[in-house]
Amino acid sequence: MITFISAIVALILGYIFYGTLVEKIFGIDKDKETPAYTKQDGVDFSPMPFWKVFLIQFLNIAGTGPIFGAISGILFGPAAYLWIVLGCIFAGATHDFLSGMISLRKGGASLPEIVGDELGTGVRQVMRVFSLLLMVMVGAVFVTTPAGLLSSMTSNWGFFGTKEFWCIVIFCYYLLATLLPIDALIGKIYPLFGIALLIMAAGVCLGIFTTDGNMPEITEAFHTHHPKGLQIFPFLFITIACGAISGFHATQSPMMARCLKNEKYGKPAFYGAMITEGFVALIWAAAAIKYADGSSNELAAKMAGNPANIVNFICNDWMGRIGAILAILGVVAAPITSGDTALRSARLITADFLHFPQDKVWKRMAISLPLFAISAILMFIDFAVLWRYFGWFNQTLSIFTLWAITVYLYRNNKCFYITLIPAIFMTAVCSTYIIMAPEGFGCSAAIGYTFGILFTIALSTVTIVYMRKRKNQIDIYNGNAI
């Protein structure tokens, strides 16, 4: 329990102190007019109150990742707490804040355009494909999980309680959320979803303090507790993605950058939303392991391969019938509010690189329908396989974003180490994982670690040389201009 409480306090202190440092390094300008006003169109560029921007950003990024990922991640032991805290403060929140603020400075540009501006045209093209693939994967993943939970709650409703029916309902909502102006549906319904999530988090957190059960402390963090013996590095850092750092978040931050009224709201809206997601991840990680009386083996047995089982057990045992319904609705709301904006982001990314205006509904429909069709096809892939690939794609996307932000900071004479170190670390994680993981090449740890180290050194060297060369070219150009 001491470790859990300390982790909560650390997240708060991280927001206050490190978040302020990151904000200072970027250099916000409270007097600078934002794209919400300079490009206002009433559809995607629309000034919104800060509380709405924060709530939408939080719900956008808080899919099932900080819940299911945290439950699966605590199987590794208390190391999960360390990754959530350190990942959120030094990597995830920094990643989300800077991607959102750079987008704001670039007129609300989508992620592939930001990365392309910093890393070159070739990388821009790769990012366009990579981002779109991740967005439609998110759409597929975040339809099946809430549909499954809803069907379990309505199993006696006949066809109207089947998973297929709920998939259709959720897809119809996604289509409306993708096509309508952002404040017409998302801005109206998200506060309700937010209440459900807050009740869920508060109820589960209360259960952590009021129910019996053991919880492993930080002294046990430096070896894996995983029942299958999976190493902490790299598997933990892929398993817990959205609760620590997630490339998906950088696709969402530009969407809210188009609605931010003033740069002074950037830190609470972007950095703060990620820290809030860290709280959710910590709560579910702690609740899961306490429910299993501190045993990873017991937790794995109760989970039976599906973290949703733990969610159902905890909500029903700790919160009573009414509380359980509200809590499960919160868990349902989390993926739905990420899936809808993932597909909306996919539309915006496509529209940006096609230079296709989105002022008319039929134009939005022309881009959206093919994306929805691809997402629907992906739903037929086995969920466990789809989730693992989603996890790797998600973290790999964060590498592109972190390196692009590093180049941006370097060429603007700002302290680039705040993203350089996370970029190097996540490069090592993802390159090692794809070599060792069953869905990758399935090689031994020795081969995986060797490849990861060599690949990370090579990519880091190439990128650092590139950004220095580019900085020199800019300096020479500016000197000539003078």
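Reader: Great, which helix holds T178?

Author: T178 is found in helix α8, which covers residues 163-179. Please keep in mind that this is a predicted model.

Reader: Noted. Is T178 buried or exposed?

Author: T178 counts as buried, because its relative accessibility is 1% and the cut-off for buried is under 20%.

Reader: And what does T178 touch, leaving out residues up to four places away in sequence?

Author: T178 touches D340, L343, R344, R347, S368 and F372.

Reader: What about Y174, what does that one touch beyond four places in sequence?

Author: Y174 touches G139, F142, V143, P335, I336, G339, D340, L343 and F372. D340, L343 and F372 are also on the list for T178.

Reader: Nice. How many residues are in the largest nonpolar core, and which have the most contacts inside it?

Author: The largest nonpolar core has 159 residues, and I67, Y174, W284 and L299 are those with the most contacts inside it. Helix α14, residues 307-354, gives the largest share of this core with 18 residues.

Reader: Let me zoom out. How many helices and strands are there?

Author: The chain has 18 helices and zero strands.

Reader: Why would you call the radius of gyration in agreement with a compact globule?

Author: Because a compact globule of 482 residues would have a radius of gyration near 23 Å, and the chain has 21 Å, which agrees. The C-alpha trace spans about 70 × 50 × 40 Å along its principal axes.

Reader: What percentage of the residues is buried?

Author: Buried residues make up 59% of the 482. As for the surface, the chain exposes about 18500 Å², with carbon and sulfur atoms supplying 68% of it.

Reader: And what share of the contacts with a separation of 6 or more comes from residues 24 or more positions apart?

Author: That share is 82%.

Reader: Charges next: how far apart are the mean positions of the positive and negative ones?

Author: They are 7 Å apart, for 31 positive and 26 negative charges.

Reader: Back to single residues. Where is D96, and is it buried or exposed?

Author: D96 lies in helix α5, residues 79-105. D96 is buried, with a relative accessible area of 0%.

Reader: What is D96 in contact with, neighbours within four places aside?

Author: D96 is in contact with I61, S246, H249, S253, F270 and M274.

Reader: Last one: where is T396, and what does it touch beyond four places in sequence?

Author: T396 is in helix α16, residues 383-411, and T396 touches F130 and C430. T396 is buried, with a relative accessible area of 9%.

Note on methods:
Residues numbered from 1 in each chain as written. Predicted model: local features only at pLDDT ≥ 70, side-chain atom pairs only at ≥ 80, totals over all residues. Heavy atoms only, no water. Helix = DSSP H or I, 4+ residues; strand = E, 2+ residues; numbered from the N terminus. Rg over C-alpha atoms; globule rule 2.2 N^0.38 Å. Buried < 20%, exposed > 50% of the residue type's maximum accessible area, 1.4 Å probe, protein only. Contact = heavy atoms within 4.5 Å. Areas by Shrake-Rupley, 256 points an atom, 1.4 Å probe, with all protein chains shown as cover. Lys, Arg positive; Asp, Glu negative; His and termini not counted. Charge placed at Lys NZ, Arg CZ, Asp CG, Glu CD. Core = buried A, V, L, I, M, F, W, Y, C linked by side-chain atoms within 4.5 Å.
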